[in-house]
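Please look over the sequence and the model below, and then follow the explanation that comes after them.

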Amino acid sequence: MNDWRPFVYGGLASITAECGTFPIDTTKTRLQIQGQKIESRHAELKYRGMIHAFVRIFREEGTKALYSGIEPALLRQATYGTIKIGIYHTLKRMIVHDPKDETLATNVVCGVIAGIVSSSIANPTDVLKTCF
């Protein structure tokens, strides 16, 4: 467990991916809540699809609206991605020292364990992401 690079690179990769995909997530969320009768501002059907919604949000509200609420999402990805990828690679190197000796079973077991541990630890950040 002396190699810290998988943890750092995993976290950086996850944060970068979140920055690239967050506007898509925002657009999807806007599409999902439109037409709801809970709040009058969502009752109107404003968007006809993903592309229409994305362009309309961008034109009417700007880039800032597409990235509104990104902070909890970045926290979640920093936590989840760092732990998941770091544990996955660390476990794999503990079990198999030479990458040529890796098997599908090794990768699956390491992936499952890394996923369980990282999801368990990062769960509170999922709650934050949905609240904001």
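**A walk through the helices**

Thr21 counts as partly exposed, because its relative accessibility is 42%, and the terms here are set by relative accessible area, with buried meaning under 20%, exposed over 50% and partly exposed in between (1.4 Å probe, protein chains only). Thr21 lies in helix 1, and although Thr21 and Tyr67 are 46 residues apart in sequence, their C-alpha atoms are 9.8 Å apart in space.

This is a predicted model, in which local features need pLDDT of at least 70 and side-chain atom pairs count only at pLDDT 80 or more, while totals for chains, interfaces and linings use all residues. Residues are numbered from 1 along each chain as its sequence is written, and side-chain values use heavy atoms, with hydrogens and water left out.

Seen as a whole, the protein has five helices and zero strands, where helices (H or I, at least four residues) and strands (E, at least two) are DSSP runs numbered from the N terminus. Of its 132 residues, 30% count as buried.

Helix 1 (residues 5-33) can be followed to its contact with helix 4 (residues 70-95), where the two axes come within 7 Å and cross at roughly 145 degrees; such axes are lines fitted to C-alpha atoms, for helices over the stretch in contact, and the angles run from 0 to 180 degrees between N-to-C directions. The residues of this contact divide into 12 nonpolar, nine polar and one charged, given that Ala, Val, Leu, Ile, Met, Phe, Trp, Tyr, Cys and Pro count as nonpolar, Asp, Glu, Lys and Arg as charged, and the others, Gly among them, as polar.

The largest nonpolar core has six residues, namely Phe7, Ile83, Ile87, Tyr88, Cys110 and Ala114, a core being a set of buried Ala, Val, Leu, Ile, Met, Phe, Trp, Tyr and Cys residues joined through side-chain atoms within 4.5 Å. Helix 4 and helix 5 (104-131) each supply at least two residues of this core, and helix 4 gives the most, with three residues.

Cys110, a member of that core, counts as buried because its relative accessibility is 0%, whereas Cys19 counts as partly exposed because its value is 31%. If a disulfide is taken as a pair of cysteine sulfur atoms within 2.5 Å, the count comes to zero disulfides.
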